[in-house]
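Hi everyone, thanks for coming. Have a look at the model on the screen while I walk you through it.

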Amino acid sequence: MADGGAPVTMSDVARLAGVSTATVSRVVNRRYGVRASTVEQVRAAIEQLGYESSLVATSLRSSRTNVLGLVTHSFQSYTAEVLKGVMDALSQSGFDLIIYANSDLYGTYSDGWEQRHLARLSGTLTDGCIVVTPSREVRSGTPVVVIDPARGSEAPSVTADNFAGATAVVEHLLGLGHRRIGFIAGRAGIEAAWSREQGYRTALAEAGVPIDPRLIARGSFDPDSAAPLARALLDRPDRPTAVFAASDGMALKTMEVARELGLGVPGDLSVAGFDNIPESALAEPRLTTVDQSMYRLGNEAARMLMSLVRGDWEGPRRVVLPTRLVVRGSTTAPG
């Protein structure tokens, strides 16, 4: 990937592939005289860097497609709610939508997945793309809006006030009398995951409660990643009296593990999550969580992207939406 956000060049591809620029040119232009193994090497570099999108944007595009793309690693409840907001924003707009996701629901977050997916959609297929929760900065020859960007990203983005939401839920648990509050963090690299952990740490520090690193576990937002982490926390002789998970999926999995261990929720363990996915209101007991309006995240991102494509966006490049604590039956005072 080119440094400093500059468009990807043929030289960047050549450097990554370990070949000459002339060789990259021959591969791009489908000329003879290049070994099959070298062709594959160059194509892998092109895909990783997203050079295809730059190429079509600069030399192959002749007009708008009136199609937008949505790139996501996998479809979960979070993504489905975001998609509802996107589709409502596009209604009557004249834009259609292409969705690109991995075929496996909770597949491995392989390095560079977002840029590879974006390369396949940008250019002749779409006028611009929404990218959901990338772990790194993304680049494209067409407009891009990111939902929950990577830390330090400079791309136009829409995100929730994750710090305020996490602070509110931990303050709620502290107000109930909990002092040993476990935390299951989200996927490293995403700003939202970092902000939620900072909110957890800040709320404890401001309440004068020492932060116990043994009560912090690192997940990936994948619910299944939370199962062994929750079990390790709850198997401790000095287990926490409450657990705050950085996503509802991980919180619901924590409740499941607690039941397997014979712990009642909320009698023996209070559990809180983040997202307010539909399943959180259907759980037994219903899950205390933070509503980050996933629908609005998608709606705002789509509106921003359409304006960027038309060239008339005048708002901020970073939109931060408010969050709201939703108190339900999964949290109570420690027994």
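Let's start with a pair of helices: H5 and H11 pack with their axes 6 Å apart, at an angle of about 45 degrees. That angle makes H5 oblique to H11; the scheme here is that under 35 degrees counts as roughly parallel, over 145 as roughly antiparallel, 65 to 115 as roughly perpendicular, and the rest as oblique. The axes are lines fitted to C-alpha atoms, for helices over the stretch in contact, and angles run from 0 to 180 degrees between N-to-C directions. The crossing of H5 and H11 is right-handed, a crossing being right-handed if the near helix is turned clockwise from the far one by less than a right angle, and left-handed if anticlockwise. Which residues of H5 and H11 make the contact? On H5 they include Tyr78, Val82, Val86 and Leu90, and on H11 they include Tyr295, Leu297, Ala302 and Met306. Contact here means heavy atoms within 4.5 Å.

Quick word on where this comes from. It's a predicted model, where local features need pLDDT of at least 70, side-chain atom pairs count only at pLDDT 80 or more, and totals for chains, interfaces and linings use all residues. Residues are numbered from 1 along each chain as its sequence is written, and side-chain values use heavy atoms, with hydrogens and water left out.

Okay, the overview. The protein chain has 11 helices and 12 strands; those are DSSP runs numbered from the N terminus, with helices being H or I of at least four residues and strands being E of at least two. Of the 335 residues in the chain, 52% are buried, meaning under 20% relative accessible area, with exposed being over 50% and partly exposed in between (1.4 Å probe, protein chains only). And if you take the contacts with a separation of 6 or more, 72% of them are between residues 24 or more positions apart.

Now the six-stranded sheet. It's open, its order is E2-E1-E3-E4-E5-E11, and the pairing is parallel. Two strands count as paired if DSSP finds at least two bridges between them. The edge strands are E2 and E11, each pairing on one side only. From one strand to the next, the twist averages 20 degrees.

Let's walk across it. E1 (residues 67-72) and E2 (residues 96-101) are parallel partners over six bridges, with Val71 opposite Tyr100. Together with H5 (residues 77-90), those two strands make a right-handed β-α-β unit. Right-handed in this case means that, with the strands pointing away from you, the path from the first strand over the helix to the second runs clockwise.

Further along, E3 and E4 run parallel and are joined by four bridges, and Ile130 sits opposite Val145. Is E4 covered on one face or both? Both: Val144 and Val146 on one side, and Val145 and Ile147 on the other, are all buried.

E4 is joined to E5 by two bridges, and the partner of Val146 in E5 is Ser157. Then E5 (residues 157-160) pairs with E11 over four bridges, again in the parallel sense.

E6 (residues 181-185) pairs with E7 over three bridges, and Phe183 stands opposite Ile216.

Last stop, H6 (residues 113-121): eight of its nine residues are buried, among them Trp113, Arg116 and Leu118. That's my tour, thanks!
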